[in-house]
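This briefing concerns the structure shown below.

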Amino acid sequence: MDDNTQRLLDIFVDSFLPLLKAGVAFTIPLTLISFSLGLILAFLTALARISSVKPLAWLAGFYVWIIRGTPLLVQLFIIFYGLPAAGVTLEAFPAAVIGFTLSVGAYASEIIRAAIQSIPKGQWEAGYSLGMTRGQALRRIILPQSVRVSVPPLFNSFISLVKDTSLAATVTVTELFQTAQQITALHYEPLLLYCEAALIYLIFSTVLSSLQNRLEKRYDRTSAR
């Protein structure tokens, strides 16, 4: 093994733990917090989209249109770099959480809305025939069925968010990718270190994909019963 190969190997080994720590300390928490808040926002937005209250449905539709129609990177820049011009200054991590939450809320709301609307109208009518209100039918009949439909695409969104958190580096959050950039500036080996960062993202995504498969199998067994 020549000296250059040994040097690259040493850099790879020495940088793996700091990159992994950044992923565990920042990337995963950022993903979990943003996705949890985003799901709440998505559920409320989906209900607003199917609401008979036209102004509420229009407002929710406008929010989804804005977020889905503009790049996530631009949204993060507006929140972190643009809002200070309006007198609103946020720390990097909260700014990233807000940006990712708004993004998840818009995209996941369409998944939830589609899942709710995929349930046959006869299910609603069955609830009404039992004397249920629209809200009761939604809670007791429609939502339990729509959860099974929406879980796979929502989990896919979660896995995508893990990778999208790399954009938080642009607003100075020291997550996995930002840490890779910092180490690259020290060793001047961008190909090696960025590939190493990609490897860690791949590990995270593979673990989550395995969990997704197990979750889907459990739902399949439950529905079969």
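**Core, salt bridges and surface**

The largest nonpolar core has 47 residues, and A96, F100, I116, I142 and L176 have the most contacts inside it. At least two residues of this core are supplied by each of helix 1, helix 3 (72-82), helix 4, helix 6 (134-164), helix 7 and helix 8. Helix 6 provides the largest share of this core, with 11 residues. The model is predicted, and a search of the whole structure finds 4 salt bridges.

**Contacts of a core residue**

- I116 is one of the residues with the most contacts inside the largest nonpolar core.
- With neighbours within four places in sequence left aside, I116 is in contact with L47, I50, W124, L138, I142, L143 and S146.
- Among these contacts of I116 is I142, which is likewise listed with the residues that have the most contacts inside the core.

**Salt-bridge network around E110**

- A network of salt bridges links R49, R68, E110 and R113.
- R68 and E110 form a salt bridge in which the closest N and O atoms are 3.4 Å apart.
- R68 counts as partly exposed because its relative accessibility is 43%, between the 20% and 50% limits.
- E110 counts as buried because its relative accessibility of 15% is under 20%.

**Salt bridge between E189 and R7**

- E189 forms a salt bridge with R7, and the closest N and O atoms of the two are 2.8 Å apart.
- This pair links distant parts of the chain, 182 residues apart: E189 is in the loop between helix 7 (176-187) and helix 8, whereas R7 is in helix 1.
- R7 counts as partly exposed, at 34% relative accessibility.

- E196 is found in helix 8 (residues 190-224).
- E196 is buried yet has no salt bridge.
- The nearest side chain of opposite charge to E196 is that of R7, 12 Å away.
- A salt bridge requires a side-chain nitrogen of Lys or Arg within 4 Å of a carboxyl oxygen of Asp or Glu.
- Apart from neighbours within four places in sequence, the residues in contact with E196 are F12, S15, F16 and L19.

**Nonpolar surface patch**

- I33, L37, I40, F43 and L44 make a nonpolar surface patch of about 440 Å².
- L37, one of the residues of this patch, lies in helix 1 (residues 3-49).
- L37 is partly exposed, with a relative accessible area of 42%; residues of such patches have over 30% relative accessible area and no salt bridge.

**Proline in helix 1**

- P29 is found in helix 1.
- P29 is partly exposed, and its relative accessible area is 23%.
- Setting aside neighbours within four places in sequence, P29 is in contact with G23 and V24.
- P29 and P71 are 42 residues apart along the chain, and their C-alpha atoms are separated by 23 Å.

Definitions and conventions:
Residues are numbered from 1 along each chain as its sequence is written. This is a predicted model: local features need pLDDT of at least 70, side-chain atom pairs count only at pLDDT 80 or more; totals for chains, interfaces and linings use all residues. Side-chain values use heavy atoms; hydrogens and water are left out. Patches are made of residues with over 30% relative accessible area and no salt bridge: like charges are joined within 9 Å, nonpolar side chains (Val, Leu, Ile, Met, Phe, Trp, Tyr) within 5 Å. Accessible areas come from the Shrake-Rupley method with a 1.4 Å probe; for residues, only the protein chains shown count as cover. Helices (H or I, at least four residues) and strands (E, at least two) are DSSP runs, numbered from the N terminus. Buried means under 20% relative accessible area, exposed over 50%, partly exposed in between (1.4 Å probe, protein chains only). Lys and Arg count as positive and Asp and Glu as negative; His and the chain ends are not counted. Contact means heavy atoms within 4.5 Å. A nonpolar core is a set of buried Ala, Val, Leu, Ile, Met, Phe, Trp, Tyr and Cys residues joined through side-chain atoms within 4.5 Å.
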